[in-house]
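Okay, thanks everyone, I'll keep this short. Have a look at what's on the screen, and then we'll talk it through.

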Amino acid sequence: ARIQATPNLATAPQSVVATPGNGQVALSWTPPADDGGGAITGYRVYRNGTLVHTTPNGATRSFTDTGLTNGTTYRYRLSALNASGAGALTDPLAAVPVTVPSAPAAPAATAADGSVSVAWSPPAANGGSAVTGYRLYRDGVVLPTAFTAGQRSYLDEDVANGVTYRYSVAARNGVGE
């Protein structure tokens, strides 16, 4: 007679890393310390308590969760699968997808004798991360002045009367410009 042993459940996957991006979170992990005595056949990924993905095999140890809302916190947990079922869950890991902010609103430039006054409003969307400042460009070259999130105007006195200048402004957050 032949008796086949059923493995125990695996422990939780290890070293889970969540890397936020624009509308997505990329997850990666390493195998559990204990496979329960049976081969790992896959992994389950849960977002906010709901199963969102099962890997096709035990060798696949990454998943990118897409279609997410920037600035929203998502909590992930993972479990390893073997012949006995789903093993222990990892501790929750929070991630917030983010991107760069949209363009500042209502830019305006007003010329005067020997100067140009430039002003703008905050962008409509911060990309899920607070605006930390702005960069102002004149004719495609960044001006050396650093602008904080609350500074939204500039008096450019390094101009000549009768010359046309083109200004653009970009918002910055923790992701970039």
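So, a question to start: leaving aside its neighbours within four places in sequence, which residues is Asn173 in contact with? Keep in mind as we go that this is a predicted model.

Here's the list. Asn173 touches Thr99, Val100 and Pro101, and it also touches Asn126, Gly127, Ser129, Ala130, Val131 and Thr132. As for where Asn173 sits, look in the segment after strand E15, which runs 167–172. Asn173 is buried, at a relative accessible area of 4%. There's a polar pairing here as well: a polar atom of the Asn173 side chain lies 2.9 Å from the backbone nitrogen of Val175.

Okay, zooming out to the whole chain. What's the secondary structure? Zero helices and 15 strands. The radius of gyration is 26 Å, whereas the globule rule gives 16 Å for 177 residues, so the chain is more spread out than a compact globule. You can see that in the box too: the C-alpha atoms fill roughly 100 × 25 × 20 Å along the principal axes.

How much of the chain is buried? That's 34% of the 177 residues. On contacts, if you take those with a separation of 6 or more, 60% are between residues 24 or more positions apart.

The accessible surface is about 9,800 Å², and carbon and sulfur atoms hold 49% of that. We've got 11 positive and 10 negative side chains, with the centres of the two sets 13 Å apart.

That's me done, over to you.

Technical notes. Residues are numbered from 1 along each chain as its sequence is written. This is a predicted model: local features need pLDDT of at least 70, side-chain atom pairs count only at pLDDT 80 or more; totals for chains, interfaces and linings use all residues. Side-chain values use heavy atoms; hydrogens and water are left out. Helices (H or I, at least four residues) and strands (E, at least two) are DSSP runs, numbered from the N terminus. The radius of gyration is taken over C-alpha atoms; the globule rule is 2.2 Å times the number of residues to the power 0.38. Buried means under 20% relative accessible area, exposed over 50%, partly exposed in between (1.4 Å probe, protein chains only). Contact means heavy atoms within 4.5 Å. Accessible areas come from the Shrake-Rupley method with a 1.4 Å probe; for residues, only the protein chains shown count as cover. Lys and Arg count as positive and Asp and Glu as negative; His and the chain ends are not counted. The place of a charge is taken as NZ of Lys, CZ of Arg, CG of Asp or CD of Glu. A polar contact is a pair of N or O atoms within 3.5 Å; within protein, one must be able to donate a hydrogen and the other to accept it, and residues adjacent in sequence count only if both atoms are side-chain atoms.
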